[in-house]
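Trainee: I would like to go through this structure with you, one question at a time.
Mentor: Go ahead.

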Amino acid sequence: MKQTAITVIDDDMSARSLLTSILRNLGYTDIRSLTDEDVAKSSLESIKPGIVFLDIEMPACNGFDLVPRLKLLHADIFIVMVSAHTTMDNVRKAMEFGAGAFIAKPYAIGKVHDVIEKYRVANAGVAVNPGSARKEGGFQEAG
Amino acid sequence: MQPARITELEKHVRELEYQRGWFIEALEIGAGLVDKGASQRDSCDPFAVLREIGPRLRELFGYSMYAFLRVDEQDHDFKLYDSFPGNERGTIEREIDHQIERGAVAWALSQSRPVLARTADGRYTLVMQVIATHARIRGLYLGFLDRDVSELRDALLQVLSMIMANAANAIENHQLYRYIHDQNLDLERIVEERTRALDQARADAEAANEAKSRFLANMSHEIRTPLTSIIGFADMLHDESLPDARRREAVATIFSTGRHLLEIINDILDLSKLNSNRLQLEIVRTSLFDIVARVTSVIEMHARQKGLAFSVDYRFPLPRKIETDPTRLAQILLNLCSNAVKFTEFGSVRIEVSCDVGISKVVISVVDTGIGLSQEQRLRLFKPFTQADASTTRMYGGTGLGLIISKQLAERLGGNITVESAPDEGSRFTVTVDCGSLDAGDMVDAVPARAESVAAAPAGASAAPGMRGRVLLAEDDPNIRRLIALYLRDTEIEIVEVDNGRDAVEQAIAGDYDLMLTDLQMPVMGGLEAVEWLRKTGFARPVIALSASALEGERNRCVAAGCNDFLTKPLDRAEFLATLGRYLGACGPVRPAACGISLVDDPVYQQARAEFLEFLRHTLPEWEASDIGREKTRAMAHRLKGAAGGFGWRALGELAGKLESAIIDGRPDGSLRVSVTQAIRDILATASGDGRRGAGQ
């Protein structure tokens with residue numbers, strides 16, 4: 001289950017590192033981190049099917065522009081749009097472009113978990129009532 | 001001039017005059033036919049014109065005998081319609097048969113001009129002329145001449161053709177006229193029928209409208225009365241000098257009157273659903289004893305409190321299970337029983353349960369020793385808003401709708417409610433309902449053990465006061481927002497409020513909430529649309545819908561949109577807290593086990609955090625610079641907003657977010673910039689002493 005390939009595309013190095021750290025702690029090991037420069041100048045072919053966390057606002061390229069290219073590459077790819085700009089316009093646009101989920105920066109571990117869960121459910125083809133996936137286990141606020 | 005010549009001329013003139021007279025008569029016959037159609041319209045027989053022209057033609061042409069054949073509309077056969085003389089009818093028929101055999105009739109029918117033939121006995125010359133329009137053949141005229149054929153000149157024969165053509169047209173006109181006339185009559189009859197139906201419908205609609213207006217007027221009164229006391233007592237509370245005891249009394253009145261108002265509104269909804277046939281029954285196989293036990297568990301207490309004896313009298317054998325809607329049957333019984341308790345001051349209330357196996361019906365009577373009802377009161381009993389007398393309403397309370405609802409429910413459940421009562425002699429209300437097919441094996445002679453335990457079941461779970469968590473509340477009514485804040489005052493729940501669906505979506509994604517409460521009807525975007533969007537984005541936290549609509553299917557609509565739960569307004573405090581408690585337990589919100597992870601010790605995280613601190617240190621001079629331009633400031637703020645919170649500096653992230661929106665909206669940003677700069681300085685100062693801070697909210 002934790003073998004899912006995950007790609008992180010973000011211009012902000014600290015954001016990339018933080019997400020990578022969260023993903024590793026959630027048990028994922030196949031994680032690849034790319035900058036906007038990386039995807040702007042080279043082809044996307046090296047990106048594996050699975051999950052892509054994709055920032056919207058990046059200097060070298062716009063996240064929305066990458067969505068169709070990624071979908072062309074792997075039809076079933078699950079794109080999680082990421083933005084510190086959680087406006088309704090961005091949400092609507094992301095979903096209309098065919099993103100599978102949308103989360104805000106700064107990252108909350110619970111939410112990263114939730115969107116991966118959505119991918120898992122969609123791929124397993126099992127209907128799970130959102131919110132009912134809650135189990136025991138306290139959540140610690142750190143900081 | 002010679003006398004012989006004169007005589008000859010005179011003879012010639014007479015002859016010409018005779019001819020002129022002849023043609024005038026012929027023309028009159030022909031022209032008359034054109035009018036005939038009109039004059040004979042009231043007659044039912046279109047061929048009647050033929051009877052009229054027959055004798056005149058005989059005179060004109062000097063026929064010894066004549067006959068009209070007409071085409072029968074039903075079998076298209078030729079029938080003898082009229083003939084002269086009456087006593088020669090047999091002769092004429094034989095002659096016609098003869099001519100038919102010879103083929104002369106067929107020939108005559110195919111020609112527009114008269115066809116001449118010799119009769120079988122050689123005595124007469126037969127003149128046959130078809131009676132036809134362009135469209136169809138109507139009949140055949142046969143004239144019997146006892147003179148020589150040569151006497152009939154072409155002109156005369158042509159006149160005959162013309163007259164018969166006119167006759168055919170007259171027949172056709174008459175038929176068309178009759179047809180139109182009949183159609184008109186039909187139309188008039190239909191219009192009359194429709195008008196009658198319309199009048200009836202209008203009268204019905206007016207009656208219904210009047211009933212509705214009366215109902216509304218009553219309703220308005222029923223709703224205004226408790227509202228008056230609610231507003232009045234609430235107003236009293238403004239008075240600071242009011243003693244505590246009076247204050248408590250006012251609050252208690254507001255509460256109980258508010259409850260009563262809710263009861264009225266629920267009853268009205270039930271009634272309107274029943275009236276418009278929108279009430280859905282849920283017929284299931286259920287325990288009769290459980291239903292009765294459920295009702296008695298509530299009523300017994302009320303009865304005891306009033307000092308009344310209360311008992312249930314089962315008349316065995318009774319079916320263990322019946323097929324009915326248990327909720328609605330219980331509603332009926334609860335209504336009958338609470339009425340019985342309400343209107344009884346001394347004595348007892350008794351429930352009798354029996355079953356009529358023959359007609360598959362359960363019969364339950366509620367018998368009391370109360371004030372009873374006069375005959376007149378009994379008649380008014382099942383009409384809206386007519387509690388026996390207005391003063392009893394004040395004395396006993398109640399909406400006066402319960403019995404009507406119960407009666408209609410009983411009817412929907414395949415039965416009825418009847419009442420036997422007399423003033424001061426108590427009342428017996430008997431409800432019968434269908435119970436589905438029964439067989440001997442289903443019958444029992446004692447109450448099954450399980451049913452008793454239902455009556456003793458606890459009323460409901462109590463609220464959990466120690467709830468914790470972050471709740472996003474989307475509600476446009478500030479009063480409801482205040483009320484919810486008040487309900488949650490004793491918990492450790494943190495509430496963030498938004499007043500429309502769009503802000504709810506943005507806030508739910510941006511923030512980190514354990515639960516979302518949402519109203520359904522809000523400006524900008526409704527609650528359900530917001531939930532749908534959120535679920536699309538992968539938002540997985542529980543959502544509870546708050547709806548003021550009591551429409552059937554509302555709950556399903558909410559669940560379909562992605563809500564986990566559903567509460568109706570007005571919110572019942574205990575139910576509200578219990579529902580929240582299911583998602584935010586006393587030990588805080590229940591979350592996926594994965595969320596317990598702390599990143600603090602993760603080397604990647606530590607490195608990222610160190611790099612971020614380095615980035616802050618690096619950009620501090622730019623923040624401190626007097627002017628770096630708004631766009632650059634915005635870009636820097638955006639970066640901080642996205643990253644700072646992730647490393648545990650949520651305040652900095654939020655400040656940066658505010659700064660970014662201020663710049664985008666063109667609002668003054670000076671003080672925010674100063675705050676962000678100061679926050680960075682603080683972080684850098686603290687970080688140089690303490691290397692470890694948390695993350696992962």
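Trainee: Among contacts in chain B between residues at least 6 apart in sequence, what percentage join residues at least 24 apart?
Mentor: This is a predicted model, so every value is computed from it. Chain B has 21 helices and 21 strands, and buried residues make up 43% of its 697 residues. Of the chain B contacts between residues at least 6 apart in sequence, the share that joins residues at least 24 apart is 67%.

Trainee: Which strands are the edges of the open sheet of five strands in chain B?
Mentor: The order is β2-β1-β5-β4-β3 (chain B), with antiparallel pairing. The twist from one strand to the next averages 20 degrees. An edge strand pairs on one side only, and in this sheet the edges are β2 (78–84) and β3 (115–118) of chain B.

Trainee: Which residue stands opposite Gln129(B)?
Mentor: Strands β4 (residues 125–132) and β5 (residues 137–145) of chain B pair over eight bridges in the antiparallel sense. The residue opposite Gln129(B) lies in β5(B) and is Tyr141(B).

Trainee: What angle does the direction of helix α3 of chain B make with that of β2(B)?
Mentor: Helix α2 (residues 48–61) of chain B packs on the sheet, and its direction makes about 150 degrees with that of β1(B). Helix α3 (residues 89–102) of chain B packs on the sheet as well, touching β1, β2, β3, β4 and β5 of chain B. Between the directions of α3 and β2(B) the angle is about 135 degrees.

Trainee: Is Thr518(B) buried or exposed?
Mentor: Thr518(B) is found in strand β17 (residues 515–519) of chain B. Beyond its neighbours within four places in sequence, its contacts include Ala474(B), Val531(B) and Leu546(B). Because its relative accessibility is 0%, Thr518(B) counts as buried.

Trainee: How many disulfides are there over all chains?
Mentor: A disulfide needs two cysteine sulfur atoms within 2.5 Å. The count over all chains comes to zero. For Cys355(B), the nearest cysteine sulfur is that of Cys435(B), 4.5 Å away. For Cys563(B), the nearest is that of Cys558(B), 4.8 Å away, and Cys563(B) is in no disulfide, in keeping with a total of zero.

Trainee: What is the relative accessible area of Cys355(B)?
Mentor: Buried means under 20% relative accessible area. Cys355(B) is buried, so its value falls under that cut-off, at 16%.

Trainee: How far apart are the end C-alpha atoms of helix α5 of chain A?
Mentor: Helix α5 (residues 109–124) of chain A has 16 residues. At 1.5 Å a residue the helix should span 22 Å, and the distance between its end C-alpha atoms agrees, at 22 Å.

Trainee: Which element of chain B do the buried residues of α5(A) pack against?
Mentor: The buried residues of α5(A) include Ile109(A), Val112(A), Ile116(A) and Tyr119(A). Within chain A they pack against β1 (6–9), α1 (13–25), β3 (51–55), β4 (78–83) and β5 (101–104). In chain B they pack against α14 (501–510).

Methods. Residues numbered from 1 in each chain as written. Chains lettered and ligands numbered in written order. Predicted model: local features only at pLDDT ≥ 70, side-chain atom pairs only at ≥ 80, totals over all residues. Heavy atoms only, no water. Helix = DSSP H or I, 4+ residues; strand = E, 2+ residues; numbered from the N terminus. Buried < 20%, exposed > 50% of the residue type's maximum accessible area, 1.4 Å probe, protein only. Contact = heavy atoms within 4.5 Å. Expected span 1.5 Å × (residues − 1). Pairing = 2+ DSSP bridges. Axes fitted to C-alpha atoms, helices over the stretch in contact; angles between N-to-C directions.
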